[in-house]
Amino acid sequence: MRVICTIARQVLRGAVRNRVVYAAMLLAVGLAVAAPMAGRLTPGQDVKVVKDLSLAACNLCGLFVVVFLGIRLVAREVEQRTVDTLLSKPIRRYEFVLGQYCGLAATLALALTVMTIAMYVVLGAAAWWRGVPGLASVAPVPVADPALLKAVLLIFVQLAVVGAAALCLSTFSSPVLAAVSTCGLYVAGHFGGELRNLDEVVDSRFVTSLAAGLSYVLPDLAAFDVKAAVVHGQPVTAGYMVLTAASGAAYILAFLVPALVIFTRRDLL
Amino acid sequence: MSAVRLRELSKTFHTGFWRTRVHRALDAVSLDVPRGAVLGYLGPNGAGKTTTLRLLMQLVHPTSGGAEILGRPVGDVGVRRRIGFLPEAVRFHDTCTAEEFLEYVGGLFGYTVAERRRRAALGLDRVGIGADRRRRLRTYSRGMLQRVGIAQALLNDPEVVFLDEPMTGLDPLGRREVRDLVLALREEGRTVFFSSHILNDAEAVCSHVAILNRGRLVASGRVGDLDLRVRSWELVAAGPGESVQAVGGAAARWVTRIADGRYALELPVEPSPEALAAELAQRGIQIVSLHPRRETLEDYFLRRVAEAAAAAISDDEAECA
């Protein structure tokens with residue numbers, strides 16, 4: 001565990017000094033800050049637009065951070081041969097991969113924390129600034145609604161799943177292929193329902209069977225998306241949160257176990 | 001007990017898109033490196049030196065055979081607490097400083113924060129990086145990175161040190177420092193296993209050598225026990241110059257005056273120099289010394305590699321026939 005924490009800290013340190021990660025976080029914060037201006041275009045819905053845009057920015061920029069870092073963590077260490085030095089120390093290969101993943105998760109948590117703080121600051125300012133029109137129209141949902149944290153938490157779990165997939169793919173494929181596959185998985189994971197019901201629009205039995213099969217194999221990432229519900233003040237129960245988080249943990253495990261097995265057996269050339 | 005033991009160690013790579021091409025990088029190599037030895041693991045490019053080191057570090061897995069370090073199988077994580085490794089063309093996380101990187105490595109050994117800092121500072125001072133320890137590694141030159149690599153390899157005070165081409169990228173001063181460092185490690189009784197194709201460096205520091213060619217071990221042993229062939233004789237004689245020239249001039253390859261009344265003659269291996277020495281003594285010329293001039297390690301290496309290549313060609317021809 002000590003070794004895993006040491007590696008995770010190093011990954012976090014490297015990410016914090018990475019300009020690309022900074023840029024993604026700044027973009028998200030910038031979107032949150034600019035959201036009130038977009039809100040003015042939709043009278044009566046401005047706070048909702050701020051929340052929508054801020055959460056979407058968290059999700060998108062978090063995704064960028066996870067894919068950008070996730071596909072490079074193991075693949076880059078192997079390509080650049082920095083892994084040679086580390087694996088000659090008293091660590092096991094699975095500890096190395098787990099350390100890398102924990103570092104990725106910690107980076108994601110840090111990025112989401114910064115973006116969430118920015119979102120609440122903007123919402124707090126909007127609530128305080130009486131000049132914002134339409135505040136009354138969204139009552140009784142509070143402007144700086146704590147329920148938004150539920151959406152952020154599930155964004156974290158969702159992106160942690162995507163990060164595990166990226167890491168898994170990067171243990172045996174090139175960074176480019178891993179990036180394309182991870183993005184494909186992210187998109188397909190949001191359309192599990194559509195894949196299952198593809199027979200309504202496509203006649204080919206083969207295609208519909210394949211799509212249905214894929215929908216059961218791919219993680220159902222849409223289940224982690226409660227942004228619309230919290231923005232509209234609909235309840236997201238604790239039970240739903242726990243079950244969804246547990247399914248996320250299962251998906252993470254399902255991606256990490258093959259990653260560990262592949263990396264342990266692999267020749268690092 | 002051997003510090004490092006290879007037993008019929010082999011590694012085959014399958015290359016090409018369909019992985020149908022077979023490349024035997026290491027072919028049943030057996031080798032014992034005694035404790036306290038400095039082994040020069042020599043061979044031309046592509047001989048299998050780096051593959052051997054990567055097998056010892058478990059970065060690649062053997063096709064057959066095995067290896068032990070300090071009596072433990074190479075897969076044993078515990079034994080890695082007692083070894084140090086400098087990879088070929090070493091690269092590090094370039095966003096951190098040398099100090100941070102060494103402290104990170106210390107963390108992997110489980111040292112306390114204070115101990116990590118102490119060892120990092122000592123290691124960087126030892127390789128002359130002291131003043132630049134807080135600069136990002138991406139700003140370091142190739143030679144400085146090599147020094148940091150050596151510092152991380154020695155951070156845990158290892159009993160066995162593996163250095164893969166440690167002189168690569170270093171200027172003459174840096175090479176001298178690495179040579180001195182290896183000699184210091186030898187003085188401290190540590191075992192050093194270093195691969196190189198720079199034979200002068202190996203000759204200067206090694207107690208043992210192993211020569212590898214096309215994945216096969218072609219020679220190994222103590223430097224003093226190698227069958228270095230006599231290439232010529234060096235005879236030093238004292239007497240009148242005309243007499244020395246008259247007697248030895250015809251037989252010697254060259255004659256040169258090295259001091260007043262003293263001359264050095266290089267004589268071929270055949271005929272035997274004893275007859276000429278006797279003739280010089282009869283003319284009243286004093287024989288100061290008579291020494292064989294043997295092959296250098298480089299000559300020996302080139303001869304053994306050429307012999308191995310010739311043997312491989314004749315084997316191939318025999319197979320074709």
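Which residue stands opposite Glu68(B) in S5(B)? The residue is Pro73(B). The model is predicted.

## A sheet in chain B

Four strands of chain B make an open sheet. Their order is S2-S1-S4-S5, and the pairing is antiparallel. Strand S2 (21-34) and S5 stand at the edges of the sheet. Each has a single partner strand, so one side of each is left without a neighbour in the sheet. In general, strands of a sheet pair through backbone hydrogen bonds, either parallel or antiparallel.

Take the pairs one at a time. Strand S1 (residues 2-15) of chain B runs antiparallel to strand S4 (residues 64-69) of chain B, with five bridges between them. One residue pair here is Val4(B), which stands opposite Ile69(B) in S4(B). S4(B) also pairs with strand S5 (residues 72-73) of chain B, again in the antiparallel sense, over two bridges. Ile69(B) has a bridge partner in S5(B) too, namely Arg72(B). Glu68(B) faces Pro73(B), as the opening pair showed.

The hairpin of S4(B) and S5(B) has two residues between the strands. Leu70(B) takes a positive phi there, near 55 degrees.

## Two domains in chain B

Chain B is divided into domain 1 (2-225) and domain 2 (230-294). How many Å apart do the C-alpha centres of the two domains lie? They are 46 Å apart.

## Where chains A and B meet

The contact involves 29 residues of chain A and 33 residues of chain B. About 3,000 Å² is buried between the two chains. Carbon and sulfur atoms give 51% of that area. On the side of chain A, Arg17(A), Lys89(A) and Pro90(A) supply 22% of the area buried against chain B, more than any other three residues.

The interface has 16 residue pairs in polar contact, with both residues at pLDDT 80 or more. Helix H1 (2-16), helix H4 (82-87) and helix H11 (238-265) of chain A each give two or more residues to the side that touches chain B. H1(A) gives the largest share, eight residues. By class, this side of chain A has eight nonpolar, eight polar and 13 charged residues.

Charge also pairs up across the interface. Side chains of opposite charge can pair when their charged atoms come close. The count between chain A and chain B is three salt bridges, while the count over all chains is 30.

## Backbone exceptions

Most residues other than glycine have a negative phi, and most peptide bonds are trans. Two places in this model depart from that pattern. Arg81(A) is not a glycine, yet its phi is positive, about 65 degrees. Arg81(A) is found in the loop between helix H3 (46-79) and H4 of chain A.

In chain B, a cis peptide bond joins Glu270(B) and Pro271(B), with omega about -5 degrees. Pro271(B) sits in the loop between strand S13 (262-267) and helix H8 (273-282) of chain B.

How values were computed. Residues are numbered from 1 along each chain as its sequence is written. Chains are lettered from A and ligands numbered from 1 in the order in which they are written. This is a predicted model: local features need pLDDT of at least 70, side-chain atom pairs count only at pLDDT 80 or more; totals for chains, interfaces and linings use all residues. Side-chain values use heavy atoms; hydrogens and water are left out. Two strands pair if DSSP finds at least two bridges between them. Domain bounds come from an automatic or database domain assignment. Contact means heavy atoms within 4.5 Å. Buried area is the accessible area (1.4 Å probe) that two parts lose on being put together, summed over both. A salt bridge is a side-chain nitrogen of Lys or Arg within 4 Å of a carboxyl oxygen of Asp or Glu. A polar contact is a pair of N or O atoms within 3.5 Å; within protein, one must be able to donate a hydrogen and the other to accept it, and residues adjacent in sequence count only if both atoms are side-chain atoms. Ala, Val, Leu, Ile, Met, Phe, Trp, Tyr, Cys and Pro count as nonpolar, Asp, Glu, Lys and Arg as charged, and the others, Gly among them, as polar.
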